[in-house]
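Hi,

Here is the structure I promised to pass on. Have a look at it first, and then read my notes below.

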Amino acid sequence: MNSDDKKLIVFESDISFLDKDLNKKRYIKFLEEDKLAMFYSPLIGPRDLKNHLVENNILVGYEITNEQGLRNYQDKIYTFRKDNGVYLVTKGIELDKKRILLVDKGMDLEIDLPKYLYEVKDASFYLSPINEEVLFRSYCYVANEDEVTPELKKIMLPVIEAVPGILSINTYPFVPSDDVKRLKNKLT
């Protein structure tokens, strides 16, 4: 899980008021209209910023970083996926199929997959980077569905990731029922 590989963005023009779920402001420059983009970090004084953004066709958006923001803005979200130094942009939420293996401290496994600390909230696993100071806690291994061998799939749980770093055991309500059936079939 590299949170820079995928970002969910809602544009400022698509929201009616700013709420606490939208706390990560992003400046976006499209290189090819609605297809390729990059993120921009302006070093312009606040007084001149608005003019600078307008003159350079830079849009303001907010990165979705939690499931509440995902639910609130599900119809207005764009997925930005890293590709060769820029981001490919698609309208809508792209779900990633992943597998997770939970490991209790003391029953350690050594598998060549990315390792994370996790916290369970509302049928979702919230991942955080692992560090040496907290090695006494339980942890998990996570990988994309297509990166896991058939043998490992037998002991790993299927999960879905919409927001980077949040793995859901269930499907999301915004996934059409036909897609839910197809997704459940693929995950089992």
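The largest pocket holds about 330 Å³ of space. For the record, a pocket here is an open set of points on a 1 Å grid over the protein atoms alone, where a 1.4 Å probe fits, with protein on both sides within 12 Å along at least five of seven lines; lining residues have an atom within 4 Å of a point. Points are joined across faces, edges and corners, and the volume is the space filled by probe spheres set on them. There are 16 lining residues, and Glu 12, Ser 13, Ile 58, Leu 59 and Val 60 are the closest to the pocket's centre.

Before you go further, two housekeeping points. This is a predicted model, so local features need pLDDT of at least 70 and side-chain atom pairs count only at pLDDT 80 or more, while totals for chains, interfaces and linings use all residues. Residues are numbered from 1 along each chain as its sequence is written, and side-chain values use heavy atoms, with hydrogens and water left out.

Back to the pocket. Strand E2 (24-32), helix H1 (46-55) and strand E4 (58-63) each give at least two residues to its lining, and H1 has the largest share, with four. (Helices are DSSP runs of H or I with at least four residues, strands are runs of E with at least two, and both are numbered from the N terminus.) By class, the lining has ten nonpolar residues, one polar and five charged. Nonpolar covers Ala, Val, Leu, Ile, Met, Phe, Trp, Tyr, Cys and Pro, charged covers Asp, Glu, Lys and Arg, and the others, Gly among them, are polar.

As for the whole chain, it has four helices and twelve strands. Of its 188 residues, 40% are buried, where buried means under 20% relative accessible area, exposed over 50% and partly exposed in between, with a 1.4 Å probe and protein chains only. Taking contacts (heavy atoms within 4.5 Å) with a separation of 6 or more, 69% join residues 24 or more positions apart.

On to the cores. A nonpolar core is a set of buried Ala, Val, Leu, Ile, Met, Phe, Trp, Tyr and Cys residues joined through side-chain atoms within 4.5 Å. The largest one has 15 residues, and Leu 8, Val 10, Leu 22, Ile 64, Leu 70, Tyr 73 and Ile 77 have the most contacts inside it. A second, separate core of ten residues includes Val 103, Leu 113, Leu 117 and Ala 143. Beyond four places in sequence, Tyr 73 touches Val 10, Ile 15, Phe 17, Asp 19, Leu 22 and Ile 64.

Leaving out neighbours within four places, Glu 67 is in contact with Ser 124, Tyr 126, Ile 166, Ser 168 and Tyr 172. Ser 124 belongs to strand E9 and is buried as well, with 1% relative accessibility. Its C-alpha atom is 8.7 Å from that of Val 159, 35 residues away along the chain.

Finally, the backbone. Most residues other than glycine have a negative phi. Asn 84, in the loop between strand E5 (77-83) and strand E6 (86-91), has a positive phi near 55 degrees. Asp 122, in the loop between strand E8 (115-121) and strand E9 (124-129), has a positive phi of about 50 degrees. Asn 84 is exposed at 77% relative accessible area, and Asp 122 is exposed at 74%.

Cheers
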